[in-house]
Every structure is written in structure tokens, then in C-alpha cells.
Amino acid sequence: MRVEVTTFAPLSPASNTSAVKYTTFSPVDYVVFILLLVLSLAIGLYHACHGWGRHTIDQLQMADRKMGCLPVALSLLATFQSAVAILGVPSEIYRFGTQYWFLGCSYFLGLLIPAHIFIPVFYRLHLTSAYEYLELRFNKAVRVCGTITFILQMVIYMGVVLYAPSLALNAVTGFDIWLSVLTLGIVCTVYTALGGLKAVIWTDVFQTLVMFLGQLAVIIVGSAKVGGLERVWDVASQHGLISGIELDPDPFVRHTFWTLAFGGVFMMLSLYGVNQAQVQRYLSSRTEKAAVLSCYAVFPCQQLVLCMSCLIGLVMFAYYKEYPMSAQQSAAAPDQFVLYFVMDLLRGLPGLPGLFVACLFSGSLSTISSAFNSLATVTMEDLVRPWFPQFSEARATRLSRILACSYGLLCLGMAYISSRMGPVLQAAISIFGMVGGPLLGLFCLGMFFPCANPAGAVVGLLAGLIMAFWIGIGSIVTRMVSVVAPPLLNGSHFSPPSNLSTMAMTTPMPLTSLSRPTGLQRLYSLSYLWYSAHNSTTVIVVGLLVSFLTGGMRGRTLDPRTIYPVLPRLLALLPVSWQKRLHCKSHSQDFFGDPTGLPEKMSNGMLKGIRDKEAVAEPEEDPINPGSSPTFVVQETSL
């Protein structure tokens, strides 16, 4: 028995609207899909019920800091491998060729730098929220600014990442939009609120495996139907889909090698270096070494995910060269191409369409649950506890669960707002990417520049956000005016200028413009992969300028644990004779100031965590500054 579903694809104004019949889900497909939801919920409830009544706030937010390397790595991968990435990347390859594949070059530095700079600094400070770092380095006002910026970023993103895949799925398979939205929202809210970070990480592991299986099934079946992967590659080569290395340094060209390989590094740093959803996973590792290894383990996984997504795009291209798509399919929005392809390809194989839809929903589940958990954590640690330090453990645990549930309801509300926004939804998704760069710049300003002060941090962050919104919104408005494209019935047919959404939401916009932009329009055509670099640099430059004008750190206490020693690290790479000539010891002393100083406002819990860390770690002698105290060693990292 099979179910016949009649659906309507979005059509261009010139097309005639007509119903298209698709044979979609069999009972086996429904069983596979429902099994995904049930198992995800079961994993979450297991960790919720295990030790119920004895949960502490640290267990709920940080998984008791006892997670192993592999589950953390798979959770890091799943957090931003959302459903729209599974739909968007193959569509990008199908339409524009394999140039996007060079984004994989950025993964090396984009993961190596967090592993050896950000993770050691955050881990040795024994943080719970990444924004605690901002208070230790600057003051409470900077911490609150960073937290509020992050909350706005994630709240906007949650509604979009929940609604957009459900809408695409409805257009192709006939799934009821609000049934899928409610199902995803409720399942995520339940297991995230009750099970905490440990439940989120282990469900991420399961959902990552489902994503791999779903994509692998499409590649195997699709390549078999067109004559194998060699045939797929030949067809793509014959039609110019296999891109060479484009070395054009112009930052206004959408995709070049430099844009993808180096602009992508800043995108990766904002994702894996300073985003709370990822930092929280690093800090849940049982040791610092496990946290670093988990970051290393993400590298081959990210490469594999990128390769699979790109291969699906190539297989889809070869398939439609042999079996041309209908007029309705070709007129559909690009983020629906993959779903149409999968339903065409797998319609005669019961269970596989359900597996791919499960793969799609796994991406949404992992992303949304991570957002709920990180939002509840930063709200509790940055906005509630500093003002109500007397909260008991039981009360704090209960409030943390309430916050996760509240963000779940807010996510459903944002999904509804997204459905009413129409074309304005483009701006809503873009806002997510506009915020990541300034936050990266704020952390880099504090970590690499000891002279930066709180005034410079606040003004720099505001300048970065203003620059990001100016260019981002200007780009959207310019495109709306100048780009000739079909109506955006699904609200996600565009290329978001983002760091996070580059991976998570790439559904690019047609490049047909009326004329080559000039003046301000030229600035608005800056490649979206340079946005993060441009905005973070703005924060650093403005922050340093304001800091110098306001006296730097004179009269303020600087905790050396919050600074990464860039200059001494670079000097350590020189021969010993050169180091003596350059007086490296005095350089390091000037760079850090008094290594024994501690910030007066450091919380007792934070200070205890650092001292505990010092107690179990053997003091190491600094090769650049022999004889320095153990407190100086805590902030050391090794490249």
C-alpha cells in the first residue's frame, strides 16, 4: 500500500499552475521517520530519568564535565549541520559547480586555531558561559552586551531553522507544515529541558549517524542509476560543472579560492571558536586534552560531510541530464531541488525516502536542541545568577529547565512569525550571520590585545554590529531591487551573508543582475564569506582606537589568564640567538604585566575552579620566561 499525495511546486509568474502527483511515503517510510523521533526522545528521557532528583545545575548545563572525545566531536559537527545545509549545499553544487567545495580548505585553520588558542583559555578558566570570559577580561557590562547579542542571534535563527525545512518538505511531500513544526519543537523542548546537555550530546550522536546514512543512501542509489560515480564525474566535467582553482583576489567575487579558503576561516572561527553552543561542548569534556582532540576529530568529519553534500549535487545533476525534470520541478525554489530529486530517486525503495526525511529532521533537531540548551545556559549564568547569587542548587536546576522550555515556546512563536514575514524573512535569516563576526572580533580584542579596555570593547562591538547591519541590509535591499528572480514563496531562496548560515543555510540567489554595481552598491556586493572577517576587524580596529584614546588598561587589573601570548609565541619560533638579541624575556613581561595578579571581581566559584585546575596540573616552566609563577602557566597554550 502506498500513499498518493498531490502537491504544488512554487511556480514563476510565467508558468501555469498545475497539480503534480508524487508517490511519496509508504507505511515503512512513516515507521522509519517516527522511529527517529521516538529514539531521540527516548535518549533524552533516559538521561533525564537517570538520577532524577539528584541532578545539579552543573550536570544539566555541562554534563558534569565528564564527556568523552568522540560524542563531543559528533555533537560539535551536528550542532550547525542543519536541515537547510542538507538541502542547500547540493543545490549550490547543482547550479553553480564545485567551487564551493574549496570551503573545505578553511576547515584546517578554522579548527586548528580554536583547538590551540580558544579552548585552552576557556577551559583553564573553568567557565560555564563563554561570556564569563568577557567579565574576567573587561567588566560585567561587556559580558551583558555579549550575552544579549548572542541571545538575539540564536532566537532569530531558531524560528527560521525550524520553519524553512518544514515549508520545503510540505511543498514536495505534502507534509503538514505546522504538524512538523510542532513535532520538532515539542520533541526538542522535552529532551533538552529534562535531560540537559548530556541528553543533547547523545541525541546529537544518534542524529549525526542518521544524517550520514540518509545522505549515503542517496549517493549510492543515485550513482547506481546513472552508471556509477565515474559516470557522474564525467557528465559534470562535460558540462563544465567541475570548477578549477579561481585565484581572483577580488573580495567582491562571490566564490573564489581566497574567499572560500581564507574568508571561510573567519566563518569557522566564529562557529567553533567563540559560539556558546560549541564552547559549551568543549567545556563539558572530562579533560582539556579531550576537548582539543574533539576539535581535531571534527576536521575529517566536516570534510566527509562536505564531500557527501557536494556529491549529492553532482549525482543530482547527472540524474537530471538522463531523466529531465518536469517544468514544475525546474520552476521550484532551489532549496526544494534536493527533496524533489530524492522523491524521484527513491520512490520505488520503501524505507529510503523515510530515511532521508529522518536525515533532514535530524539536522533540525540537533541544531534546535543545541540552541535551546546554550540559550538556557547563558541566560542562567550571565543574566540570572549574577543578580541572584543566593539561588539554591535545586532552585537553579528547576529554573534552568523552565528557561529551556520557555525558549522552546519562543522558538515556535518565531516559526510562526517567520511564516508571516514573507520576503522579509530574508533579512531575518541574514541577521544571524551579521552578529557572528562582531562577537568573534570582541573575543579576539580581549584575548590578543592586553591594552584593550572595557570602553573600547563596548564601542568596538557596537561599531561592528552597525557595520554588519549596514552592509548586510544594504545588500538585501540592493538585491531585491536589482535581481530578477521568481517570487520567493518559500522565503529562503537567497544567499545569506553569514558565517554560521554559510554552512547551515546555503541556498544561493541567482546572480543575474541588471548592471555591475558601483559606489555603495559595490560595497554591498562584498562576498558573504568576507562578512565575518570584515566585521570582526572593524570591532578590533575601533576597539583599539577607543582604548588608546581612553588610556588603555592604566589603573585596571588585568588577569593574565585571559590573554593569549601572541608575541612570545611568535618569538619562540626564532633561533635562541635571535631571542637573546630581541630580549624576549622583557617582551613577555611587558606583554603580561604582573603574572600573579588576579581580578578583584573574580567570583569565588570561578577562583575555586581555577585553583582546582592548578592543583591537579603540574606547573610547567615557560620556555620564554623561565621561573615564572604557576599562575602564569594556567593561561598558556601550545601550538
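Leaving aside its neighbours within four places in sequence, which residues is M316 in contact with? The list is P90, S91, Y94, F337, V338 and F341. Keep in mind that this is a predicted model. The protein chain has 639 residues, and 61% of them are buried. Its secondary structure comes to 26 helices and 2 strands.

**The chain as a whole**

- Take the contacts between residues at least 6 apart in sequence: 85% of them join residues at least 24 apart.
- The chain exposes about 24300 Å², and 67% of that comes from carbon and sulfur atoms.
- A search for salt bridges over the whole structure turns up 9.

- M316 sits in helix α12, which covers residues 288-322.
- This methionine has a relative accessible area of 0%, so it counts as buried.
- S91, one of the residues M316 touches, is 225 residues away from M316 in sequence, yet their C-alpha atoms are 8.8 Å apart in space.

**How α9 and α12 cross**

- Helix α12 also packs against helix α9 (residues 229-238): the two axes come within 9 Å and cross at roughly 75°.
- That angle falls between 65 and 115 degrees, so α9 and α12 count as roughly perpendicular to each other.
- On the α9 side, the contact is made by L229, V232, W233, V235 and A236.
- On the α12 side, the residues are L311, L314, V315, F317, A318 and K321.

- F108, L109, I245, L247, W258 and F262 make a nonpolar surface patch of about 570 Å².
- Two elements give two or more residues to this patch: α5 (106-124) and α10 (257-272).
- W258, one of the patch residues, is located in helix α10.
- With a relative accessibility of 32%, W258 counts as partly exposed.

**The loop between α2 and α3**

- Most residues other than glycine have a negative phi.
- A63 has a positive phi, near 55°, and lies in the loop between α2 (57-62) and α3 (69-79).
- D64 has a positive phi as well, near 65°, and lies in the loop between α2 and α3 too.
- Buried or exposed? A63 has a relative accessible area of 2% and is therefore buried, whereas D64, at 25%, is partly exposed.
- The side chain of D64 also meets that of K66 in a salt bridge, at 3.7 Å from N to O.
- K66, the lysine in that pair, has a relative accessible area of 54%, so it counts as exposed.

- E381 pairs with R385, and their closest N and O atoms are 3.8 Å apart.
- In that pair, E381 counts as buried because its relative accessibility is 10%, while R385 is partly exposed at 25%.
- R561 and D559 also form a salt bridge through their side chains, at 3.3 Å from N to O.
- Both R561 and D559 are buried.
- E135, R143 and D382 are linked in a network of salt bridges.

**L167 in α7**

- L167 is part of helix α7, which spans residues 140-173.
- Its relative accessibility is 12%, under the 20% cut-off, so L167 counts as buried.
- L167 and I177 are 10 residues apart in sequence, with their C-alpha atoms 5.8 Å apart in space.

Note on methods
Residues are numbered from 1 along each chain as its sequence is written. This is a predicted model: local features need pLDDT of at least 70, side-chain atom pairs count only at pLDDT 80 or more; totals for chains, interfaces and linings use all residues. Side-chain values use heavy atoms; hydrogens and water are left out. Patches are made of residues with over 30% relative accessible area and no salt bridge: like charges are joined within 9 Å, nonpolar side chains (Val, Leu, Ile, Met, Phe, Trp, Tyr) within 5 Å. Accessible areas come from the Shrake-Rupley method with a 1.4 Å probe; for residues, only the protein chains shown count as cover. A salt bridge is a side-chain nitrogen of Lys or Arg within 4 Å of a carboxyl oxygen of Asp or Glu. Helices (H or I, at least four residues) and strands (E, at least two) are DSSP runs, numbered from the N terminus. Buried means under 20% relative accessible area, exposed over 50%, partly exposed in between (1.4 Å probe, protein chains only). Axes are lines fitted to C-alpha atoms, for helices over the stretch in contact, and angles run from 0 to 180 degrees between N-to-C directions. Angles under 35 degrees count as roughly parallel, over 145 as roughly antiparallel, 65 to 115 as roughly perpendicular and the rest as oblique. Contact means heavy atoms within 4.5 Å.
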